[in-house]
Amino acid sequence: MTYQQIKAIEAKNKQRILSVNPSITEESGIYILTREEGGFKFGYVGQAKHLLTRLAQHLSGYQHIDLSIKKHGLYNEQNPTGWKIEFVYCAQEDLDKTEQYYIYDYALAGYQMRNKTAGGQGEGKFGIAESRPAKGYHDGLKQGYENARREVKHLFDLHLKAVIKANKSNKVQEKALLKFYDFIGETDNLNG
């Protein structure tokens, strides 16, 4: 994706934000996302040095709240269960304490907060929700290996038997068979 394409997407996302709340600017402050569905109230509070840009980033990001916005959309008459956007301007040096205040305030008001931490960027920041480690390329390879191992073991348990091809085995063939049985977790079945 080129720089121009990225900027075009960002501009489009800013227009989407402004269509929901036209008074948002690029000043620093706290943004508050809320939605209600089936009698439950959900909330998310964030801080930004540039409110409009940060909110636009949520429309194309992949954090947990970004994915929820993509799933439920933004609030409008046709989408009453979408995320509503509110904000409060504050100085950059007050962002941490103001964010923490609003997270606490909305939690007390009965909102199920979607924040992973109690807010802030500095000291005293602590988790309030389960944090799962990010899954990367190597994690995917590891999981794929484990899935293949389970499937091969299942097939051999039901229908197959691994043996050395030649009548007289050599050390390389024995090591290969050992390695295979180790892969499927059956090192005690070598003679079976």
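Predicted model: local features only at pLDDT ≥ 70, side-chain atom pairs only at ≥ 80, totals over all residues.
Residues are numbered from 1 along each chain as its sequence is written, and side-chain values use heavy atoms, without hydrogens or water. Local features need pLDDT of at least 70, and side-chain atom pairs count only at pLDDT 80 or more, while totals for chains, interfaces and linings use all residues.

**Exercise 1. The chain as a whole**

Task: State how many helices and strands the chain has, and in what pattern they follow.

Solution: 
- Step 1. Helices (H or I, at least four residues) and strands (E, at least two) are DSSP runs, numbered from the N terminus.
- Step 2. The chain has six helices and four strands.
- Step 3. Along the sequence they read α-β-β-α-α-β-α-β-α-α.
- Step 4. Of the 192 residues, 31% are buried. Buried means under 20% relative accessible area, exposed over 50%, and partly exposed in between (1.4 Å probe, protein chains only).
- Step 5. Take contacts (heavy atoms within 4.5 Å). Among those between residues at least 6 apart in sequence, 56% join residues at least 24 apart.

**Exercise 2. Histidine 58**

Task: Decide whether histidine 58 is buried or exposed, and find its polar partner.

Solution: 
- Step 1. Histidine 58 sits in helix H2, residues 51–58.
- Step 2. Its relative accessibility is 1%, so histidine 58 counts as buried.
- Step 3. Its side chain makes a polar contact of 2.6 Å with the side chain of tyrosine 31. A polar contact is a pair of N or O atoms within 3.5 Å; within protein, one must be able to donate a hydrogen and the other to accept it, and residues adjacent in sequence count only if both atoms are side-chain atoms.
- Step 4. Setting aside residues up to four places away in sequence, histidine 58 touches Tyr31, Tyr44, Gln63, Ile65, Asp66 and Ile69.

**Exercise 3. Aromatic pairs**

Task: Classify the pair of tyrosine 31 and tyrosine 44.

Solution: 
- Step 1. Rings of Phe, Tyr and Trp (its six-membered ring) pair if their centres lie within 6.5 Å; planes under 30 degrees apart are stacked, over 60 edge-to-face, and the rest tilted.
- Step 2. The structure holds seven aromatic pairs.
- Step 3. For tyrosine 31 and tyrosine 44, the centres are 6.3 Å apart and the planes stand at 35°, so the pair is tilted.
- Step 4. Tyrosine 31 is in strand S1 (residues 29–37) and tyrosine 44 in strand S2 (residues 40–48), so the pair ties together parts 13 residues apart in sequence.
- Step 5. Tyrosine 31 is buried at 1% relative accessibility. Tyrosine 44 is buried at 10%.
- Step 6. Tyrosine 106 and tyrosine 111 also form a tilted pair, 5.2 Å centre to centre with 55° between the planes. Tyrosine 106 is buried at 13%, and tyrosine 111 at 17%.
- Step 7. Phe156, Phe180 and Tyr181 form one aromatic cluster.

**Exercise 4. Histidine 72**

Solution: 
- Step 1. A 3.1 Å polar contact links the side chains of histidine 72 and arginine 35.

**Exercise 5. Methionine 1**

Task: Decide whether methionine 1 is buried or exposed.

Solution: 
- Step 1. Methionine 1 is in the segment before helix H1 (3–20).
- Step 2. At 72% relative accessibility, methionine 1 counts as exposed.
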